[in-house]
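Subject: Structure for your files

Hello,

Here is the structure I said I would pass on. My notes on what turned up follow below it.

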Amino acid sequence: MHLDHSHDATGAPVPSADARRPDGRRRALRIGLGGPVGSGKTATVAALCRALREEFSLAVVTNDIYTREDAEFLLREAVLPPERIAAVETGACPHTAIRDDISANLEAVEELEEETGPLDLVLVESGGDNLTATFSRGLVDAQIFVIDVAGGDDIPRKGGPGVTTSDLLVVNKTDLAPYVGSDLARMAADAKAARGELPVVLQSLRGEGGVGEVAAWVRARLAAWTA
Ligand SMILES: Nc1nc2c(ncn2[C@@H]2O[C@H](COP(=O)(O)OP(=O)(O)O)[C@@H](O)[C@H]2O)c(=O)[nH]1
Ligand SMILES: [Mg+2]
């Protein structure tokens, strides 16, 4: 297991030591979004950009295996100005680019900071992967793991580092639960059992609350980062 985030007593991630840029300014908080293909990572990134872009200076890095599909979606949706969206093509296994050889992602983050900065927040979306993919702490300061109710309501019970130790677990697409026969109460209970004090949000981007709870969590991380 490569996840080595540490948490304080409230379950909040403790920022890594290299929080300053070489020029002494505080660099942007970096939050990774991982999880299986189709769970709603890009949709969550888009919704977060819409929710937070008036308050903070934001940028996004997407990771796709062979294309720039996710970045193009965010560009089409105009969630941020184009110069604030960068795409990394990972080639082989998407988890390698966020965990083992993070150089292309680090370069993308640093380039965004140099060209559009100062930035408060950079969101890094991983290419869709299985339940074992996690981000290196050298790349992100906190990570959100996104699963969805249509992927099976036994996923929180199956565990894996994303489910058990990510800083925030999002169970997305709760609007689909009745159609796929997923038991939301059971998913919430299993997630709690697997994660102890670490937070879990059940959300539907099609529903009323939308990305609100996740945006509030990001705001709290940003407040801690700049404190
Ligand atoms: N019904 C429903 N569909 C969603 C929700 N969130 C995302 N989707 C859809 O699920 C599909 C996959 O989402 P995407 O963000 O591309 O997944 P990713 O592969 O994890 O980035 C898209 O068609 C989204 O519109 C949700 O909360 N409810
Ligand atoms: Mg995506």
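Predicted model: local features only at pLDDT ≥ 70, side-chain atom pairs only at ≥ 80, totals over all residues.

Is β6 enclosed or open? Of the 5 residues in β6 (residues 168–172), 5 are buried, so the strand is largely enclosed by the rest of the structure. In a regular strand, side chains alternate between the two faces of the sheet. Both faces of β6 are covered: Leu 168, Val 170 and Asn 172 are buried on one side, and Leu 169 and Val 171 are buried on the other.

Val 146 belongs to strand β5. Val 146 counts as buried because its relative accessible area is 0%, and the cut-off for buried is under 20%. Leaving aside residues up to four places away in sequence, Val 146 touches Leu 33, Gly 34, Gly 35, Pro 36, Ser 39, Gly 40, Lys 41, Val 170 and Asn 172. The C-alpha atoms of Val 146 and Gly 35 are separated by 4.9 Å, although the two residues are 111 residues apart along the chain.

On the protein as a whole: the secondary structure amounts to 9 helices and 7 strands. Of the 227 residues, 52% count as buried. Among contacts between residues at least 6 apart in sequence, 78% join residues at least 24 apart.

In soluble globular proteins, nonpolar side chains tend to be buried together. The largest nonpolar core in this model has 31 residues, and Ile 31, Leu 121, Leu 123 and Ile 144 have the most contacts inside it. The elements that give two or more residues to this core are β1 (29–34), α1, β2 (58–64), α2, β4 (121–125), β5, β6 and α9 (212–226). Apart from this core lies another, of 16 residues, among them Ala 86, Val 88, Val 124 and Phe 135. Not counting residues up to four places away in sequence, Ile 144 touches Ile 31, Gly 32, Leu 33, Gly 34, Leu 168, Val 170, Val 214 and Trp 217.

As for aromatic pairs, a search of the whole structure finds 0.

Now the metal site. Which residues are the protein donors of the magnesium ion (ligand 2)? They are Thr 42 (OG1), Asp 70 (OD) and Glu 125 (OE), at 2.1 to 2.4 Å from the ion. Thr 42 in helix α1 (residues 41–52) and Asp 70 in helix α2 (residues 69–76) are 28 residues apart, so this pair links distant parts of the chain. The spacing of the donor residues in sequence is T-x27-D-x54-E. Thr 42 is buried, with a relative accessible area of 13%, and Asp 70 is buried as well, at 16%.

A few loop residues are worth a look.

- Gly 117 and Pro 118 are joined by a cis peptide bond, with omega about 0°. Pro 118 lies in the loop between α4 (103–116) and β4.
- Ala 78, in the loop between α2 and β3 (85–89), has a positive phi of about 50° although it is not a glycine. Ala 78 is exposed, with a relative accessible area of 52%.
- Lys 173, in the loop between β6 and α7 (177–180), also has a positive phi, of about 65°, and is not a glycine. Lys 173 counts as partly exposed, at 23% relative accessibility.
- Ser 136 is in the loop between β4 and β5. Ser 136 counts as buried at 15% relative accessibility. Ser 136 touches Ile 98, Arg 99 and Ile 102, not counting residues up to four places away in sequence.

Regards

Notes
Residues numbered from 1 in each chain as written. Chains lettered and ligands numbered in written order. Heavy atoms only, no water. Donors = N, O, S within 2.8 Å, 3.2 Å for Na, K, Ca; no water. Helix = DSSP H or I, 4+ residues; strand = E, 2+ residues; numbered from the N terminus. Buried < 20%, exposed > 50% of the residue type's maximum accessible area, 1.4 Å probe, protein only. Phe/Tyr/Trp six-rings, centres within 6.5 Å; stacked < 30°, edge-to-face > 60°. Core = buried A, V, L, I, M, F, W, Y, C linked by side-chain atoms within 4.5 Å. Contact = heavy atoms within 4.5 Å.
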